[in-house]
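Take a look at the model below and let's walk through it together. We'll go from the overall layout to the places where its pieces touch.

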Amino acid sequence: MQLSNEGILVILFVGLVAGWLAGKIVRGTGFGIIGDILVGIAGALVANYLFPKLGIRLGTGLVAEIIQSAIGAIILLLIVRLVRTGGRL
């Protein structure tokens, strides 16, 4: 996978939006807005890498990228919550 500079900027921007959105959906994680945004950026990177490998396509465009990244961030937030709380949601 090769990303251009513009691609990285789009992933970072989408990660910001996705992290905020995931923080609103998955409440009670205790990371705050900055932590949720960082997890959102990580979720955007993970989703951008894994979804095509798994054959998952949500469409094209910025909205599809935000949805895909939000799903990745939500999954990461839930995993981090499971690890922090010892397996309890």
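From the N terminus on, the elements of the protein chain run α-α-α. That's three helices and zero strands, where helices (H or I, at least four residues) and strands (E, at least two) are DSSP runs, numbered from the N terminus. This is a predicted model, in which local features need pLDDT of at least 70, side-chain atom pairs count only at pLDDT 80 or more, and totals for chains, interfaces and linings use all residues. Residues are numbered from 1 along each chain as its sequence is written, and side-chain values use heavy atoms, with hydrogens and water left out.

How confident is the predictor? The mean pLDDT (the predictor's confidence in each residue, from 0 to 100) of the protein chain is 76, and 89% of its residues reach 70 or more. Confidence is lowest in helix H1 (residues 5-25), with a mean of 77, and highest in H3, with 80.

Now for how the helices meet. H1 and H2 pack at an angle of about 120 degrees, their axes 6 Å apart; axes here are lines fitted to C-alpha atoms, for helices over the stretch in contact, and angles run from 0 to 180 degrees between N-to-C directions. That makes H1 oblique to H2 (angles under 35 degrees count as roughly parallel, over 145 as roughly antiparallel, 65 to 115 as roughly perpendicular and the rest as oblique). H1 passes H2 in a right-handed crossing; a crossing is left-handed if the near helix is turned anticlockwise from the far one by less than a right angle, and right-handed if clockwise. The contact (heavy atoms within 4.5 Å) involves residues including Gly-15, Gly-19 and Trp-20 of H1, and Ile-37, Gly-40 and Ala-44 of H2. By class, this contact of H1 with H2 has 10 nonpolar, five polar and one charged residues. Here Ala, Val, Leu, Ile, Met, Phe, Trp, Tyr, Cys and Pro count as nonpolar, Asp, Glu, Lys and Arg as charged, and the others, Gly among them, as polar.

Next come H2 (residues 32-54) and H3 (residues 62-85), whose axes come within 7 Å and cross at roughly 110 degrees. That makes H2 roughly perpendicular to H3, and their crossing is right-handed. Among the residues that meet are Asp-36, Gly-43 and Phe-51 in H2, and Gln-68, Gly-72 and Leu-76 in H3. The residues of this contact divide into 10 nonpolar, six polar and two charged.

What about H1 and H3? Their axes come within 8 Å and cross at roughly 50 degrees, so H1 and H3 are oblique to each other. This crossing, too, is right-handed. Phe-13, Val-17 and Leu-21 are among the H1 residues in the contact, and Ile-66, Ser-69 and Ile-74 among those of H3. By class, the contact of H1 with H3 has 13 nonpolar, two polar and one charged residues.

Let's zoom in on two residues. Val-17, in helix H1, is 52 residues from Ser-69 in sequence and 8.7 Å from Ser-69 in space, C-alpha to C-alpha. Arg-81 sits in helix H3 and counts as buried, because its relative accessibility is 15%. Arg-81 and Phe-31 are 50 residues apart in sequence and 9.9 Å apart in space, C-alpha to C-alpha.

Stepping back, 34% of the 89 residues of the protein chain count as buried.

Key: Buried < 20%, exposed > 50% of the residue type's maximum accessible area, 1.4 Å probe, protein only.
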